[in-house]
Amino acid sequence: MKTSFTRRDFFKGLGAGTIGLGIGVSLFDGIYQCAEALTEEETHTLLMKGTVNFKGFTAEEITPNNEFYITTYSDKVPDIDPKTFSLRVEGRAEKPYALSLGEIKAMQDRTEFVTLECIGNPVGGSAVSNALWEGVTLRKVLERAVPGKGIVKAAFFAEDGYSDSIPYSLALSGEVFLAFRMNGQALPKQHGYPLRMIIPGLYGEKSVKWLSKIELVDYDFKGYWQKRGWSDTAVISIMSEILMPMDGREVPLGNYVIGGIAFGGRYGIGKVQVSLDDRKTWHDAEMKAPLSRWSWVLWRYDWRPAKEGDHRITVRAFGRGGKVQESPSLFGKLFGTFPDGAKGLHSVSVKVVR
Ligand SMILES: Nc1nc2c(c(=O)[nH]1)N[C@H]1C(S)=C(S)[C@@H](COP(=O)(O)O)O[C@H]1N2
Ligand SMILES: [Mo]
């Protein structure tokens, strides 16, 4: 069964102290094969449809706004008046300035599918979702402030007191953007209305909601979760999940389509494999081309269970460069997702019946 994500899961690992950050930043391997760029009309049709049927595996490739996971550190949901809202760009810049929401919208240059995953999402968890975001490239916003020398990071500050940061090189990469629309609608309140960051390929903690200030700093800024020991690099690990069948279900003898998602963040997804004999042998699953280089992929596998009884299904994914999904270390087994996200393979147990 897909574990329902609660804030308690996220807080479980806290209190273990500050831990050194271990993950190096990886780069994309190879050319990414995505679905062809969609026209505005095709995108609209896709958003309206809700679910797709990938050869017998029916899934929400795009997560509807009201089902998109929510992680917020406190109970505060800022109430921001779009008329008086402004975004300040400050710090080591020759021309610090502020932008109104109207000015930000007029700068729109991005419409992109990006999957977000919470660093507290356990193996098989549901704190991972995919949406179409519209907004403005961060680099464009920063350049207008005429950045000075010696900048180490871009730090993001929110109206609920939350903060996080990214390396300045990533801020200038063109990958990162500010979003004001989600799946064709204004950003919903819980997801950061009126403006949030979208940092593709890094855990959701970096994608600051209710953004009101960007500061260019000359030191290694630590945000809300980093001060509490969570990963600052926050590179998403390769993950995969079985959505169909759910754990504990009965599956009829005959033909059955196993299906799920896989997400590699900066690693991309090159291959997905399924095991039907508790990880002894593996079979290649069929993958649907992802909606963008930053979105999850749907996968499916035709299963013809030959005999009745208990079966254990496991999935694993590989990055574009061949890197296999990681297993948990002893530390990971003890502390779960703390400090740098879940590791390990997702399994479900089912009973094949006549
Ligand atoms: N202002 C603010 N931004 C925030 C947070 C927060 O508590 N406050 N939580 C972060 C975390 S931990 C995650 S996983 C994502 C979740 O985004 P979502 O709630 O839109 O899914 O928001 C991030 N941005
Ligand atoms: Mo998160």
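Okay, one definition before we start: a salt bridge here is a side-chain nitrogen of Lys or Arg within 4 Å of a carboxyl oxygen of Asp or Glu. Keep that in mind, and remember that what we're looking at is a predicted model.

So, which residue does Arg266 form a salt bridge with? It's Glu175, and the closest N and O atoms of the pair are 3.0 Å apart. That sits within the 4 Å cut-off, so the pair counts.

Now let's step back to the domains. The assignment gives us domain 1, made of 2–64 + 235–353, and domain 2, made of 76–111 + 127–228. Their C-alpha centres lie 28 Å apart. Domain 1 puts 29 residues into the contact, and domain 2 puts in 18.

How much area do the two domains bury between them? About 1,800 Å², with 65% of it on carbon and sulfur atoms. On the domain 1 side, Arg266 turns up again: together with Ile236 and Trp294 it supplies 25% of the area that domain 1 buries against domain 2, more than any other three residues.

On to the polar side of things. Between domain 1 and domain 2 the count is 1 salt bridge. There are also 6 residue pairs in polar contact across that interface, counting pairs with both residues at pLDDT 80 or more.

And what does the face of domain 1 look like? The elements giving two or more residues to the side that touches domain 2 are helix 1 (7–12), helix 2 (40–49) and strand 13 (239–244). By class, that side of domain 1 has 17 nonpolar, 7 polar and 5 charged residues.

That's my bit, thanks.

Definitions and conventions:
Residues numbered from 1 in each chain as written. Chains lettered and ligands numbered in written order. Predicted model: local features only at pLDDT ≥ 70, side-chain atom pairs only at ≥ 80, totals over all residues. Heavy atoms only, no water. Domains from an automatic or database assignment. Contact = heavy atoms within 4.5 Å. Buried area = accessible area lost by both parts, 1.4 Å probe. Polar contact = N/O pair within 3.5 Å; in protein donor to acceptor, adjacent residues only side chain to side chain. Helix = DSSP H or I, 4+ residues; strand = E, 2+ residues; numbered from the N terminus. Nonpolar A, V, L, I, M, F, W, Y, C, P; charged D, E, K, R; others polar.
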